[in-house]
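Thanks for coming, everyone. Let me put the structure up, and then I'll walk you through it.

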Amino acid sequence: KLIAFAAIQGGYKVVSEVEGLYQKALATFSADTKVEFPNTAYYLPVIYSLTGLKVETLEDIKKPLAFARGLLPPHVRGKNHLPYLGPLLDAGMAGIIAYEIKEALRIVNQPDFYIAQEDPDIEAGKIWTGPADDTILRKRGVEFVDGSAPGFAAIVGAAPNPEIAKMIVEDYQKKSLYIFCAANHNGNTVIEQLIEAGVQIGWNTRIVPFGPDISSAVFALGFANRAAMTFGGVQPGDHKKILMYNKERIFAFVNALGDIGTEWGVAAAGCVNWGFPTIADTDIPEILPTGICTYEHVVTNVPHDEICQKSIEVRGLKVTVSDIDIPMSFGPAFEGERVRGADLHAQCGGGKTQCTELVKMAQMNEIEDGKIIIDGPDVGDLKVGDTFPLGIFVQIAGREFQSDFEPILERQIHHLVNYIQGIMHIGQRDISWVRISKSAMEKGFTLKDIGVVLHAKFHQDFTKILDKVQVTLYTKQADVDKLTATARDEYHTRDSRVDKMKDEDVETYYSCSLCQSFAPNHVCTVSPERTGLCGAYNWMDCRAAFEINPTGPNQPIEKGECLDPKLGQWKGVNDFVYKASRGAVARYNLYSMVVDPMTTCGCCECIAAMLPGCNGVMTVGRDYPGETPCGMKFTTLAGVMGGGASSPGFVGHSKHNITQGKFILGDGGLLRMVWMPKMLKEEIKDRIEKRGAEMGCPGLYDMIADETVGITEEEILPFLKEKGHPALTMESLI
Ligand code: SF4
Ligand code: NI
Ligand code: NI
């Protein structure tokens with residue numbers, strides 16, 4: 001802990017130096033000489049906020065300076081002896097207080113050193129703005145409170161060259177952070193480097209040139225503490241609250257560019273009191289012991305092109321990318337728009353090609369935030385009317401991220417892609433469908449824009465749970481197939497999370513109203529044995545979604561009194577649905593498609609329909625384009641009943657739901673199933689066999705007709721009779 005020792009030593013050094021400067025000032029000026037930072041009601045703000053002491057004259061400096069001296073650890077013992085962090089923090093605080101006094105004395109000695117305005121006057125050679133006055137504080141500080149500025153990076157020292165300085169600072173600008181600059185390294189400063197590189201500096205561009213010495217870094221802390229008093233209502237002198245406010249609310253950190261000596265070391269130690277860690281580009285083993293905060297205090301030897309990302313990670317800063325950088329307009333206003341045939345440039349999925357989306361958790365070091373990879377030809381390479389396969393693979397990393405959240409993020413792809421003007425998205429999982437309009441192409445749409453949108457919006461909407469988002473878009477058949485195979489395994493794992501649960505096991509179901517933008521009256525009630533009809537949300541997923549966003553589209557529903565155990569109707573569910581559908585739907589049954597079935601929206605994976613002539617039901621998946629025994633194709637069925645109505649005789653449901661325990665159990669359950677497309681039947685063969693056996697019909701799978709048997713009731717009835725299908729002997733369906 002050599003450096004920690006150095007930081008303590010630095011505290012002594014700085015306090016002693018400032019005591020000397022103070023004596024000199026007293027010898028030069030009278031004790032009642034005015035001492036102030038210009039145009040502020042907060043005196044010397046660090047001293048005032050932490051101790052309540054108001055420094056207005058030279059005489060007034062005596063107390064805080066003595067206070068700083070008193071904070072220094074009584075004696076510095078052997079260099080490796082550091083029993084606890086306290087002395088180090090105190091030494092750091094002593095250094096910060098001394099630095100603020102040093103700056104106040106500078107203003108006494110050189111009243112024109114700082115220009116005290118928003119922007120530097122570079123032509124006049126006056127680049128250092130010094131402490132912000134209260135006007136700037138009110139205007140800028142509020143941005144830290146309302147979230148338009150997520151925090152600040154205090155950069156001390158200088159980069160190896162102007163290009164690197166520019167790169168680092170622009171990284172922060174893109175993330176809307178303020179950059180507070182102070183100190184020099186061997187006489188060079190970041191600010192002068194930026195000016196040389198042609199970067200515009202000043203409060204307006206969020207690059208603030210506080211001053212050329214390490215002591216000027218205290219202006220950043222003073223700014224933060226004034227924000228706590230102005231906007232956080234913290235009382236001056238309540239040092240615990242001030243520091244806690246900063247730790248919790250002001251996401252700031254220090255970047256040290258250049259060697260950290262004792263003077264920077266004490267400043268870094270001081271910043272730990274605020275919860276602001278130091279991330280350095282130099283190779284110093286360890287400046288401070290770790291363990292007091294949830295994150296490291298000091299990270300050293302960080303390469304310049306990683307310093308922004310690393311700092312944000314270490315401080316746990318949640319960055320929102322404010323505007324979405326795509327050539328088309330973007331927002332909920334475009335969600336409901338359609339891309340019709342005449343305006344279609346190209347499309348993927350929709351039964352024509354494979355289109356799959358998958359969100360997977362990644363390790364922090366595995367992915368790069370904001371990276372978007374297009375693997376294969378882009379849409380610009382296509383002719384009008386072309387189709388192409390697409391795999392959207394989103395990787396997410398975050399300290400708070402759990403694999404349980406994957407389906408929730410994945411389900412957002414639907415509305416987020418729809419938010420892009422001129423792009424239409426339907427479906428989910430491995431049955432997605434994306435249509436790209438000619439007008440979007442004219443504006444310059446490329447597949448990358450999908451990645452840009454997902455990255456930006458995931459950061460914005462899920463800031464609490466994720467830190468990094470990387471998106472890969474596959475357009476080569478083999479890659480899409482590979483992703484699809486992986487994705488199907490994932491879907492299976494997710495679906496089976498609720499397989500052992502029964503509706504009777506829980507008192508709480510969950511609602512999902514995510515689809516109300518398309519189907520305004522539609523509310524899914526998701527129970528353990530009835531996943532959402534899109535297949536993307538099961539009971540566990542809804543519970544996790546509620547956890548992440550308690551005011552979001554997934555709300556707990558207390559079942560309440562059971563009104564019909566056979567059909568699956570509860571008072572609590574009815575009450576909720578009535579309210580959530582704004583009075584349009586008064587009740588529905590979870591276990592019936594014949595009597596008051598649940599509402600259906602256009603996202604459903606499958607639609608079941610009654611086949612009265614067979615005394616049974618059929619179901620058809622989105623990916624089957626052909627005719628069915630009910631007389632309608634999937635698209636027609638979806639068009640008729642996908643608007644959020646409850647349509648007796650029909651119901652939308654997920655693939656997984658077919659073999660769940662409560663699937664239309666009030667109507668006889670899976671034993672009613674007389675027809676399915678071959679593809680769907682084969683996909684869930686094992687589960688049909690298992691569920692059939694559970695229901696006392698082990699041979700059910702082979703009794704269910706498909707399109708190779710027929711596509712009308714007349715065609716399939718002889719087959720059902722021959723196989724002895726159980727539906728034929730069940731009580732009449734109507
Ligand atoms: Fe939610 Fe139902 Fe829409 Fe799926 S279909 S997103 S569960 S409302
Ligand atoms: Ni939808
Ligand atoms: Ni929907």
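I'll cover the ground rules, then helix packing, then the sheets.

This is a predicted model, so local features need pLDDT of at least 70, side-chain atom pairs count only at pLDDT 80 or more, and totals for chains, interfaces and linings use all residues. Residues are numbered from 1 along each chain as its sequence is written, while chains are lettered from A and ligands numbered from 1 in the order in which they are written. Helices (H or I, at least four residues) and strands (E, at least two) are DSSP runs, numbered from the N terminus.

Helices first. Take α4, residues 86–109, and α8, residues 218–230. Their axes come within 9 Å and cross at roughly 105°. Axes here are lines fitted to C-alpha atoms, for helices over the stretch in contact, and angles run from 0 to 180 degrees between N-to-C directions. The two helices are therefore roughly perpendicular. On that scale, angles under 35 degrees are roughly parallel, over 145 roughly antiparallel, 65 to 115 roughly perpendicular, and the rest oblique. Which residues make the contact? From α4, I96, Y99, E100 and E103; from α8, V218, L221 and G222. Contact means C-beta atoms, placed from the backbone, within 7 Å. By class, that contact has four nonpolar, one polar and two charged residues. Nonpolar is Ala, Val, Leu, Ile, Met, Phe, Trp, Tyr, Cys and Pro; charged is Asp, Glu, Lys and Arg; the others, Gly among them, are polar.

Helix α8 has another partner, α9, residues 239–249. The axes of α8 and α9 come within 10 Å and cross at roughly 105°. That makes α8 roughly perpendicular to α9. A224, N225 and A228 of α8 meet I242, Y245 and N246 of α9.

Now strand β1, residues 151–157. Seven of its seven residues are buried, so β1 is largely enclosed by the rest of the structure. Buried means 20 or more other C-beta atoms within 10 Å of a residue's own; exposed is 12 or fewer, partly exposed is in between, and C-beta atoms are placed from the backbone. β1 pairs in the parallel sense with β4, residues 251–257, over seven bridges. Pairing requires at least two DSSP bridges between the strands. I155 stands opposite N255 in β4. β1 also runs parallel to β2, residues 178–182, joined by five bridges. There, A154 faces F180.

On to the open sheets. One has four strands in the order β10-β7-β13-β12, with mixed pairing. Its edge strands are β10 (386–387) and β12 (423–426), each pairing on one side only. β12 and β13, residues 433–437, are antiparallel over four bridges. I423 has I436 as its bridge partner in β13. Helix α12, residues 406–418, lies across both β12 and β13, at about 155° to β12.

Another four-strand open sheet runs β22-β20-β21-β23, again mixed. β22 (650–653) and β23 (673–675) are at the edges with a single partner strand each, so one side of each has no neighbour in the sheet. Neighbouring strands are turned by 35° on average, direction ignored. β21, residues 616–621, pairs with β23 in the parallel sense over two bridges. V617 sits opposite M673 in β23. Helix α18, residues 634–641, packs on this sheet, touching β20 (606–611), β21 and β22, and its direction makes about 90° with that of β20.

Terms used:
Two residues are in contact if their C-beta atoms, placed from the backbone, lie within 7 Å.
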